[in-house]
Number of protein chains: 4
Amino acid sequence: MSRLLYRSCLRGLPQRAVLTHNARTFATSAPRSQFDWQDPLMSKSLLTSDELAISETAERYCQEQLLPRVLQAYRDEHYDAHILREMGELGLLGATIEGYGCAGVSTVAGGLITRAVERVDSGYRSGMSVQSSLVMGGIYEFGSAEQKERYLPGMAKGEIIGAFGLTEPNHGSDPGSMETMARPHPQKKGYYVLSGAKTWITNSPIADVLLVWAKLQETGKIRGFLVERKNCPAGTLETPAIKNKNGLRASITGMIQLEDCPVPHENMFPEVEGLKGPFSCLNSARYGIALGIMGALEDCISRARTYALERKQFKGNPLAKYQLVQKKLADATTDAAYGTLAAIQVGRLKDQGKATPEMISMIKRQNCDRALYNARVLQEIFGGNAVSDEYGIGRHVANLYVTQTYEGQSDIHSLILGRAITGVQAFV
Amino acid sequence: MSRLLYRSCLRGLPQRAVLTHNARTFATSAPRSQFDWQDPLMSKSLLTSDELAISETAERYCQEQLLPRVLQAYRDEHYDAHILREMGELGLLGATIEGYGCAGVSTVAGGLITRAVERVDSGYRSGMSVQSSLVMGGIYEFGSAEQKERYLPGMAKGEIIGAFGLTEPNHGSDPGSMETMARPHPQKKGYYVLSGAKTWITNSPIADVLLVWAKLQETGKIRGFLVERKNCPAGTLETPAIKNKNGLRASITGMIQLEDCPVPHENMFPEVEGLKGPFSCLNSARYGIALGIMGALEDCISRARTYALERKQFKGNPLAKYQLVQKKLADATTDAAYGTLAAIQVGRLKDQGKATPEMISMIKRQNCDRALYNARVLQEIFGGNAVSDEYGIGRHVANLYVTQTYEGQSDIHSLILGRAITGVQAFV
Amino acid sequence: MSRLLYRSCLRGLPQRAVLTHNARTFATSAPRSQFDWQDPLMSKSLLTSDELAISETAERYCQEQLLPRVLQAYRDEHYDAHILREMGELGLLGATIEGYGCAGVSTVAGGLITRAVERVDSGYRSGMSVQSSLVMGGIYEFGSAEQKERYLPGMAKGEIIGAFGLTEPNHGSDPGSMETMARPHPQKKGYYVLSGAKTWITNSPIADVLLVWAKLQETGKIRGFLVERKNCPAGTLETPAIKNKNGLRASITGMIQLEDCPVPHENMFPEVEGLKGPFSCLNSARYGIALGIMGALEDCISRARTYALERKQFKGNPLAKYQLVQKKLADATTDAAYGTLAAIQVGRLKDQGKATPEMISMIKRQNCDRALYNARVLQEIFGGNAVSDEYGIGRHVANLYVTQTYEGQSDIHSLILGRAITGVQAFV
Amino acid sequence: MSRLLYRSCLRGLPQRAVLTHNARTFATSAPRSQFDWQDPLMSKSLLTSDELAISETAERYCQEQLLPRVLQAYRDEHYDAHILREMGELGLLGATIEGYGCAGVSTVAGGLITRAVERVDSGYRSGMSVQSSLVMGGIYEFGSAEQKERYLPGMAKGEIIGAFGLTEPNHGSDPGSMETMARPHPQKKGYYVLSGAKTWITNSPIADVLLVWAKLQETGKIRGFLVERKNCPAGTLETPAIKNKNGLRASITGMIQLEDCPVPHENMFPEVEGLKGPFSCLNSARYGIALGIMGALEDCISRARTYALERKQFKGNPLAKYQLVQKKLADATTDAAYGTLAAIQVGRLKDQGKATPEMISMIKRQNCDRALYNARVLQEIFGGNAVSDEYGIGRHVANLYVTQTYEGQSDIHSLILGRAITGVQAFV
């Protein structure tokens with residue numbers, strides 16, 4: 001996608017006179033040879049001008065359009081499905097896909113979009129990641145030509161909403177033991193019936209198409225099925241929302257309950273079998289998390305820094321004057337800078353076909369762990385005030401716990417890495 | 001208070017056939033010479049039989065009466081003021097006070113009560129701590145004979161609800177800079193008028209009597225005032241609730257806004273001046289937190305252990321079989337055991353008049369820090385399921401952040417200890 | 001042992017006019033109601049007057065007699081075997097044993113002795129622990145009446161030096177797989193021959209009697225054998241020293257190499273079979289470590305505090321003025337205080353027959369881990385100067401790594417605790 | 001420097017039949033699209049072919065020539081000055097300098113050399129860093145044309161050995177308060193006399209030329225002086241070695257004691273004044289540490305991995321099978337990968353003139369901190385065996401403490417970063 005396209009997209013946006021402080025700071029970059037706490041190791045120098053333009057577009061949209069909504073959305077556990085349409089209009093959905101109305105940008109550019117969204121809220125990023133990486137990415141990689149034509153253009157516009165059904169209630173970290181089953185339809189030729197339950201599925205209550213992974217009874221192998229809600233007879237598909245979540249409350253999460261749900265043969269991914277399919281989708285989504293999560297951490301740094309400069313205690317000194325506060329900021333800033341560089345490097349390797357899943361395990365694990373750790377430490381700077389949701393930091397802290405645990409819980413990624421390092425597996 | 005009295009109190013409670021698992025486990029103690037994960041270093045051996053009886057009474061009430069309410073209360077940010085009446089009936093309020101209808105138990109026994117309440121929820125414990133330690137304790141220690149007679153018996157029954165107004169919006173960790181002022185009433189002889197604002201005040205929206213610390217204009221010294229809501233002319237006292245909190249949602253928190261609020265001279269504490277008054281109250285409350293918080297940690301351990309035994313992944317092994325899970329449980333259990341012993345020791349010293357504020361800084365800081373740290377680590381055992389509030393662990397994690405930060409943020413206590421150790425202050 | 005005896009022991013010591021700063025500070029205790037950074041939670045209040053007297057005697061000996069020797073001994077990897085004689089004269093060896101010339105003091109008192117020694121150096125404490133807990137303790141608990149009479153009195157005086165041979169080169173954490181074997185002597189009736197190798201054996205190069213655990217060929221069960229060096233024919237027992245150690249260089253460590261070494265039947269422990277024997281000895285030694293190690297940590301605190309007060313940087317401020325330094329001191333002091341209380345509690349339970357091995361795993365693990373962690377953090381206060389061995393802190397840091405790893409490496413104790421908490425073992 | 005030159009240099013080296021395991025593993029790189037635990041995020045893809053060749057040359061020399069010497073050198077606290085000659089022959093000294101017989105390679109290439117050396121031992125790297133970055137770099141940047149001509153060619157060959165005298169006994173972290181003074185020579189025109197003391201000076205006892213920073217009495221400003229040992233009258237320059245170090249024992253460290261030492265005017269750096277001079281030198285040296293230290297960490301990983309695969313406990317499982325061990329390896333490997341990428345990025349920026357001192361503070365601090373942290377954690381895998389110096393890990397752990405503390409102690413760099421982030425200084 002050309003820089004021009006992004007600029008023109010942008011024209012459609014209301015031009016507010018007063019941006020929030022974040023938007024401002026990200027719009028103006030520091031002069032080249034000064035230390036910039038927002039990009040301490042000058043990761044920008046590694047980006048192309050197209051990537052910088054995409055990032056700017058995404059940041060502006062997020063700060064102007066998403067940030068004002070998030071506080072209330074989080075309180076109410078409400079996800080505004082219109083957000084996906086807005087993102088679609090800007091070309092932010094499935095952005096790394098070539099064709100089908102998608103932007104065809106680099107992997108790093110895709111990550112810069114997730115970072116911009118996650119700077120506002122990990123829940124918003126989750127909603128987008130599911131649409132872009134898990135479902136669109138899955139269809140693009142494994143779908144038939146017809147499947148791609150049928151779904152991708154509408155999904156790119158945010159008109160068709162997707163969900164990704166892999167995790168089951170009893171098999172969180174071990175999807176290979178899934179129980180959801182696809183059997184030949186007892187009456188209807190050319191159809192399977194799917195039965196089983198999936199849980200913790202982002203977007204499931206509002207999804208139009210659900211990419212459900214199930215074992216094909218005939219082979220015992222896992223296959224991918226595109227379940228279209230509008231074609232499911234009553235009672236065969238339920239997608240109840242899960243409410244009262246501790247985090248990611250600005251995203252919508254639910255279950256997928258299938259009871260003899262008929263799905264035509266042509267809605268099954270034609271070739272991919274086993275865990276290769278879902279793991280490949282997860283791999284892309286995890287990449288988006290690894291770079292995206294840096295946005296949440298950077299927002300915590302920015303908020304904590306502002307608070308530390310404005311809040312005065314003990315003879316009028318700003319908190320920023322205290323060594324214990326400075327150390328927290330230094331640690332967080334370092335982890336943000338390192339995590340960003342690592343994610344950019346893996347993005348480049350991914351586009352060259354050299355990134356292995358273990359690399360993505362490494363950056364997903366480390367960046368989520370460090371984002372969570374530092375967000376919690378930065379929260380301490382706010383003292384009791386962090387309890388008020390208006391400071392935003394508590395929301396990030398709660399969200400980041402979830403991101404550490406989904407798409408591969410941190411310890412599981414440790415064992416994936418341990419296996420890769422030693423050649424010995426330690427899962428059981 | 002005699003064991004008998006506690007037993008008889010108990011008789012009034014509905015006897016449910018089915019207790020929750022926690023109630024059961026705490027009712028039956030393990031045989032003496034076996035390792036008991038719920039009390040690994042046998043802290044029970046340090047308790048008197050009266051203390052054991054009080055603890056049992058409090059635990060039973062909390063598990064039977066509070067636990068069933070907390071999930072909904074936390075969701076709704078609702079505090080049922082009737083809880084203080086129930087606690088009052090059982091003799092749990094102001095329990096360490098002698099006379100005035102109070103039980104007169106040991107400091108450790110008082111801490112065992114807070115631990116029982118905090119095993120359910122730190123918010124419930126906060127509501128009780130304010131009533132018992134901050135307000136009743138303050139009146140008992142610094143009030144005139146008349147003040148004690150007027151408030152303590154009703155507060156002990158939970159009929160009069162108290163709040164403690166020290167923290168101001170701009171002076172969280174540095175109350176010595178407070179701005180709330182008491183001036184001689186311009187018209188009414190024998191009266192002061194109080195003006196100023198206090199924030200993050202537990203119970204303030206429902207309090208009948210508010211112990212407000214303000215600078216007496218004539219001397220510039222901080223004094224304590226008992227502000228009775230029913231006697232405040234309209235517009236002189238407002239106590240708006242603070243909503244949308246990230247933690248302690250089962251407690252009620254608000255501001256205190258005083259605008260020329262008239263308070264009679266006899267409602268001022270007669271002698272205590274300066275920070276000595278509020279710090280002495282805080283000292284007692286902090287003690288209650290230090291032992292109480294162990295209840296929250298122990299509940300996290302219990303919940304995580306149960307989950308780890310019931311949840312099976314990878315060839316049907318329970319999570320409890322994994323080394324990374326066992327280490328988390330071992331660490332948390334150790335910190336719970338150590339923190340309990342330290343709190344009991346300081347409680348004994350307190351009753352002997354030997355406990356210094358720095359000792360209480362030490363146990364408040366360490367026990368809150370370790371409870372929070374371990375709760376977060378234990379939460380990882382639940383993976384994505386921790387996001388559902390039904391598992392309870394997320395609620396503890398959110399609460400424990402607040403307890404780490406109130407009544408002396410952790411870093412502030414570090415500097416208090418640092419000063420005591422080195423003789424050099426490092427606040428400014 | 002009476003207070004009097006300890007005092008009289010003391011008379012034999014040269015009375016130096018100038019004590020080191022440590023000796024002084026430990027002789028004078030702070031007034032009761034002040035915060036004492038050397039005993040922040042007033043653990044002294046839990047000790048009997050006899051225990052206080054024993055502690056004082058041991059501290060004085062260690063500061064006066066051991067401290068001046070340790071720097072050179074550590075540099076040269078030299079252990080002065082005369083130290084055990086000196087300790088014997090003061091009644092410090094096998095002190096918890098009743099009779100046989102031993103003092104018969106409480107478990108806690110025994111721990112106070114190890115703490116005094118370890119305040120100087122963990123290597124000196126190791127040498128003593130092997131003599132007292134592992135060998136004398138083993139003989140006292142499992143030896144025949146004749147064995148006790150033959151060895152204990154001489155060992156109590158430090159005239160007979162013991163070593164404890166359990167660990168083998170290939171079975172560090174898993175002694176149950178040991179390969180050392182005892183077979184019936186092919187010629188000599190009433191004798192076994194022992195063959196095998198033990199490693200990392202404190203005192204082995206200088207030991208007169210070596211308590212060697214070996215599998216009895218006839219039963220396959222582990223039994224204990226008292227191997228007397230003077231009775232071993234040439235070539236059947238070798239105990240080469242292990243040199244160039246990274247830590248514990250003031251202790252002497254070696255191997256035990258047995259090649260058809262003849263041992264009379266009466267030198268086998270009469271009844272105890274399996275791992276129960278060595279584990280029981282280790283249990284006592286671990287207790288001594290758990291309390292002893294607090295001495296090393298306290299010495300680090302004392303040295304770091306002194307340095308922080310004396311060293312001035314940036315406009316003449318002492319390091320003690322810096323928040324980052326104060327936090328290090330506060331953390332370490334807290335862990336020392338907590339660890340001491342926990343060890344005292346377990347000591348009391350041990351004397352009442354209520355201490356379980358898991359309790360000792362808990363305090364051995366936690367106290368060693370925290371001592372090591374804090375020693376390393378305190379070392380940072382010294383900056384580059386810590387590289388000079390004259391500041392002593394580097395020696396403690398190096399020693400403490402070893403104590404964390406011997407007598408149950410920290411992770412192994414985690415799994416012991418994990419098993420006790422969950423009922424599920426995770427070793428394999 | 002061309003690849004060819006490096007290859008030809010190599011030809012001069014003795015070709016040993018059996019390399020150590022490290023040499024082997026670094027010689028053969030893994031196939032491109034596989035996870036390589038030695039370079040998990042494929043940092044090699046960021047290097048030029050010249051840089052790869054330089055790295056290979058340096059690695060081979062270090063593994064073949066330095067590794068066999070280090071164990072004994074460390075034991076004996078012996079530094080073989082011939083090493084600098086060997087390095088000089090290979091073009092490894094002052095390698096980033098253009099001309100004067102230096103190789104003129106990129107900053108990253110310079111860092112790859114330090115990494116190769118530090119993979120063997122941080123002490124060897126320290127000796128080289130002082131020569132290359134602190135002294136040669138200082139002369140190159142601030143020296144007059146004559147000074148460059150006089151010293152650089154001989155230093156590049158290792159024939160002239162340099163030392164860098166900044167730190168004073170009482171001003172470790174605050175060189176601005178230095179006391180060393182240069183006064184006009186009372187008799188000899190065109191000369192200054194220098195008086196003062198420097199400490200912890202690597203190479204000082206064997207240095208031919210000492211770059212001493214001193215305050216010029218006339219201006220009170222800090223200036224740099226090149227003190228040539230051979231021209232110093234007896235008694236005016238003493239450089240006693242500091243012995244009995246806890247770490248970096250394979251390097252030689254000493255003091256510089258100047259007593260009215262005459263230095264001709266032309267040996268003063270002509271222009272640079274104040275802390276700018278020494279800080280600029282330190283900046284380059286710190287860069288070398290930041291990338292170099294990754295070599296020490298990688299060697300710890302390699303050694304720990306090998307040990308974990310070879311050591312079997314509990315039913316014959318290798319330690320590598322245990323989750324707690326795998327996590328340690330995963331953590332360390334991640335930090336090594338991240339630290340390497342960050343250092344490469346800053347190296348690139350340095351060559352483009354865009355690297356700020358704060359960037360170098362960030363990578364020096366983080367890489368040293370993480371190297372030390374992980375080395376200590378990896379050491380735990382060795383259990384008691386780590387106490388033997390033959391496993392090498394203990395040596396790295398001891399060295400890494402020193403690297404964390406020199407050239408800016410970690411906390412000081414935190415405050416440098418904190419100041420850069422907040423604009424507020426917190427040193428005093």
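Predicted model: local features only at pLDDT ≥ 70, side-chain atom pairs only at ≥ 80, totals over all residues.
Between chain D and chain A, the contact takes 56 residues from chain D and 56 residues from chain A, and together the two chains bury about 4,800 Å², of which 66% lies on carbon and sulfur atoms. Within the area that chain D buries against chain A, F35(D), Y338(D) and I421(D) supply 16%, more than any other three residues. Across this interface 2 salt bridges are found, and R365(D) forms a salt bridge with D331(A), in which the closest N and O atoms are 2.8 Å apart. Polar contacts between chain D and chain A amount to 21 residue pairs, both residues being at pLDDT 80 or more. On the side of chain D that touches chain A, two or more residues come from each of α8 (276–310), α9 (323–351), α10 (357–381) and α12 (410–422) of chain D, and α9(D) gives the most, with 17 residues. By residue class, this side of chain D divides into 27 nonpolar, 18 polar and 11 charged residues.

Between chain D and chain B, 4 residues of chain D are in contact with 4 residues of chain B, and the two chains bury about 450 Å² between them, with 67% of it on carbon and sulfur atoms. The count here is 0 salt bridges, while 3 residue pairs are in polar contact, both residues being at pLDDT 80 or more. The side of chain D that touches chain B comprises 2 nonpolar, 1 polar and 1 charged residue.

Chain D is superposed on chain B by a rotation of 180° with 0.0 Å of shift along its axis, at an RMSD of 0.0 Å, and the two copies are therefore related as by a two-fold rotation axis. The same surface serves both copies, since 100% of the contact residues of chain D recur in chain B.

Conventions: Residues numbered from 1 in each chain as written. Chains lettered and ligands numbered in written order. Heavy atoms only, no water. Contact = heavy atoms within 4.5 Å. Buried area = accessible area lost by both parts, 1.4 Å probe. Salt bridge = Lys/Arg side-chain N within 4 Å of Asp/Glu carboxyl O. Polar contact = N/O pair within 3.5 Å; in protein donor to acceptor, adjacent residues only side chain to side chain. Nonpolar A, V, L, I, M, F, W, Y, C, P; charged D, E, K, R; others polar. Least-squares fit on C-alpha atoms with pLDDT ≥ 70 in both. Helix = DSSP H or I, 4+ residues; strand = E, 2+ residues; numbered from the N terminus.
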